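Have the sequence and the coordinates open beside you as you read.

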Amino acid sequence: MKRLLLLALTAGLLSPIAAKAESYWLVLVKHDALEKIQMQSMEQCEEMAQKWVDKVFVKVSRAPKYICLKGK
């Protein structure tokens with residue numbers, strides 16, 4: 001009985017299951033601090049970042065105020 005349970009658990013762990021484990025992060029620069037927010041897609045990240053920049057910052061500097069990153 002124990003062997004059957006061990007075999008079933010081992011087979012479940014070793015089976016090739018494809019999982020989508022991608023994540024997207026919006027990293028904002030707020031004064032001297034960074035803030036990260038998880039997003040559903042890269043498009044959503046870019047859209048929200050642009051809204052944030054347009055709302056908060058005056059176009060004084062060309063330095064980036066955000067970055068969108070793809071994680072695993």
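Predicted model: local features only at pLDDT ≥ 70, side-chain atom pairs only at ≥ 80, totals over all residues.

What does the accessible surface of the protein chain come to, and what percentage of it belongs to carbon and sulfur atoms? The accessible surface is about 6,600 Å², and carbon and sulfur atoms hold 63% of it.

Residues are numbered from 1 along each chain as its sequence is written, and side-chain values use heavy atoms, with hydrogens and water left out.

**Overall layout**

The protein chain has two helices and three strands, and from the N terminus on they follow the order α-β-β-α-β. Helices (H or I, at least four residues) and strands (E, at least two) are DSSP runs, numbered from the N terminus. Of the 72 residues, 18% count as buried; buried means under 20% relative accessible area, exposed means over 50%, and partly exposed is in between (1.4 Å probe, protein chains only). Among contacts with a separation of 6 or more, 42% are between residues 24 or more positions apart, where contact means heavy atoms within 4.5 Å.

**The core and its disulfide**

In soluble globular proteins, nonpolar side chains tend to be buried together. Here the largest nonpolar core has nine residues: Tyr-24, Leu-26, Leu-28, Met-39, Cys-45, Ala-49, Trp-52, Val-53 and Cys-68. Strand 1 (23–30) and helix 2 (42–56) are the elements that give two or more residues to this core, and helix 2 has the largest share with four residues. A nonpolar core is defined as a set of buried Ala, Val, Leu, Ile, Met, Phe, Trp, Tyr and Cys residues joined through side-chain atoms within 4.5 Å.

Leu-26, one of the core residues, touches several others once residues up to four places away in sequence are set aside, including Met-39, Cys-45, Ala-49 and Cys-68. Val-53 is found in helix 2 and is buried, with a relative accessible area of 10%.

Which cysteines does the disulfide join? Cys-45 is joined to Cys-68, with an S to S distance of 2.1 Å. Cys-45 lies in helix 2 and Cys-68 in strand 3, so the pair ties together parts that are 23 residues apart in sequence. The torsion about their S-S bond is about -100°, so the disulfide is left-handed. Both Cys-45 and Cys-68 are buried. A search of the whole structure finds one disulfide, using the criterion of a pair of cysteine sulfur atoms within 2.5 Å.

**Partly exposed strand residues**

Tyr-66 belongs to strand 3 (residues 66–71) and counts as partly exposed at 23% relative accessibility. Leaving out residues up to four places away in sequence, Tyr-66 touches Leu-26, Val-27, Leu-28, Glu-46, Ala-49, Gln-50 and Val-53.

Strand 2 (residues 33–39) holds Ile-37, and Gln-38 is found in strand 2 as well. Ile-37 is partly exposed, with a relative accessible area of 30%, and Gln-38 is also partly exposed, at 48%.

The table lists C-alpha distances for some residue pairs.

| Pair | Separation along the chain | C-alpha to C-alpha |
|---|---|---|
| Tyr-66 and Val-29 | 37 residues | 5.9 Å |
| Ile-37 and Val-27 | 10 residues | 6.5 Å |
| Gln-38 and Ser-23 | 15 residues | 7.1 Å |
| Val-53 and Lys-65 | 12 residues | 7.0 Å |

**Rings**

How many aromatic pairs does a search of the whole structure find? It finds zero; rings of Phe, Tyr and Trp (its six-membered ring) pair if their centres lie within 6.5 Å. There is a charge over a ring, though: Lys-36 lies over the face of Trp-25, at 4.9 Å from the ring centre. For this, NZ of Lys or CZ of Arg must be within 6 Å of the ring centre and within 35 degrees of the ring normal.

Notes
Phe/Tyr/Trp six-rings, centres within 6.5 Å; stacked < 30°, edge-to-face > 60°. Areas by Shrake-Rupley, 256 points an atom, 1.4 Å probe, with all protein chains shown as cover.
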